[in-house]
Amino acid sequence: MKKILLLFFACSTLITYGQSSQRARNYLDEVNKKIASYSNISIDFHYAQVEAKSGETIQETDGHIDLKDNLYRMTFMDMTRIFDGKKIYTISEEDKEVTISKYDPTKIDNALPLQILTFYKEGYDLQWDILQKVKGKEIQYIKLVPLDKKSGIKEVLVGIDHVTKQIYTKIQVNKNNSKSILTVKSFKTNQSMSKNHFTFTDTDYSNYYINKID
């Protein structure tokens, strides 16, 4: 009888776990579908790194990004980066230098910004997490745990505004307990943008050093 009860509880736990995972995946799929419906997106964000032992913020900065399909123009950490669909242009105003490189999807630092909402589709176990009120907003969290046990990432929490279905925050917790936190300050859609907004115009940087690395 005891074995039957244990088997029953084990099966119940697996069913509940599976339902939680599917619910989380369906939810993020819904968010992705809505994001894809916009002609473009304009986001102001805040980025912070939190030290593992002290829990103190050791680096923080604000940034801005405009997105259209996979094209983007981002200002972050005193740099501007433009992706026109083929090449990445990294512009340093301080150094008066432009670095031009071909887009290589296999490079981690070439990850497209919209992948912040698609990375969950592979390599993670998804779980429905808490619903929390943050600054008057209802934020639904989805927890992602890497399937690769060798990964340096412990878990990722993606927070979604439950009303608008727009991303609010992404919190990456590493195995050493350090964190990187990206929080959306402003999320605007279908903005008026010039046709050259995602194009690098070399005449605008005639006094810059152009560094073509590939």
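**Confidence, strand pairing and salt bridges in a predicted model**

Within the protein chain, confidence is lowest in helix H1 (residues 2–36), where the mean is 68, and highest in S8, where it is 95. Over residues 5–17 the pLDDT falls below 50, and this stretch has two contacts in the model beyond near neighbours in sequence. Where pLDDT is low, the predicted coordinates should not be read in detail. The structure is a predicted model, and for the protein chain the mean pLDDT is 86, with 86% of the residues at 70 or more.

Strand S9 was examined together with its partners. S9 covers residues 153–161, and eight of its nine residues are buried, so this strand is largely enclosed by the rest of the structure. Strand S8 (residues 137–146) runs antiparallel to S9 and is joined to it by six bridges. The hairpin of S9 and S10 has four residues between the strands.

Positive phi values were found in two loops. Lys-165 is found in the loop between S9 and S10. Its phi is near 60°, a positive value in a residue other than glycine. Lys-165 counts as buried because its relative accessibility is 14%, and the limit for a buried residue is under 20%. Asp-69 is likewise not a glycine and has a positive phi, of about 55°. This residue lies in the loop between strand S2 (57–68) and strand S3 (71–76). Asp-69 is exposed, with a relative accessible area of 60%, whereas Lys-165 is buried.

A search of the whole structure finds three salt bridges. In one of them, the side chains of Asp-62 and Lys-185 meet, with an N to O distance of 3.3 Å. Asp-62 belongs to strand S2 and Lys-185 to strand S11 (residues 179–189), so the pair ties together parts that are 123 residues apart in sequence. Asp-62 is partly exposed, at 42% relative accessibility, and Lys-185 is exposed, at 52%.

Another salt bridge is formed by Asp-129 and Lys-143, whose closest N and O atoms are 4.0 Å apart. Asp-129 is in strand S7 (residues 124–134) and Lys-143 is in strand S8, so this pair ties together parts that are 14 residues apart in sequence. Both residues count as partly exposed: Asp-129 has a relative accessibility of 22%, and Lys-143 has one of 25%. Lys-143 also meets the side chain of Glu-155 in a salt bridge, at 3.8 Å from N to O. This pair links Lys-143 in strand S8 with Glu-155 in strand S9, 12 residues apart. Glu-155 counts as buried, at 17% relative accessibility. Through shared partners, the salt bridges join Asp-129, Lys-143 and Glu-155 into one network. Strands S8 and S9, which hold Lys-143 and Glu-155, are also the strands joined by six antiparallel bridges.

Two further residues were examined, Thr-90 and Glu-56. Thr-90 is found in strand S5 (residues 87–92). Thr-90 counts as buried because its relative accessibility is 16%, and buried means under 20%. The side chain of Thr-90 is joined to that of Arg-81 by a polar contact of 3.5 Å. When neighbours within four places in sequence are left aside, Thr-90 is in contact with Met-79, Thr-80, Arg-81, Glu-97, Val-98 and Thr-99.

Glu-56 lies in the loop between strand S1 (41–50) and S2. With a relative accessibility of 52%, Glu-56 counts as exposed. Leaving aside neighbours within four places in sequence, Glu-56 is in contact with Gln-49, Val-50 and Glu-51. The C-alpha atom of Glu-56 is separated by 9.6 Å from that of Ser-178, a residue 122 places away along the chain.

Conventions: Residues numbered from 1 in each chain as written. Predicted model: local features only at pLDDT ≥ 70, side-chain atom pairs only at ≥ 80, totals over all residues. Heavy atoms only, no water. Buried < 20%, exposed > 50% of the residue type's maximum accessible area, 1.4 Å probe, protein only. Polar contact = N/O pair within 3.5 Å; in protein donor to acceptor, adjacent residues only side chain to side chain. Contact = heavy atoms within 4.5 Å. Pairing = 2+ DSSP bridges. pLDDT = per-residue confidence, 0-100.
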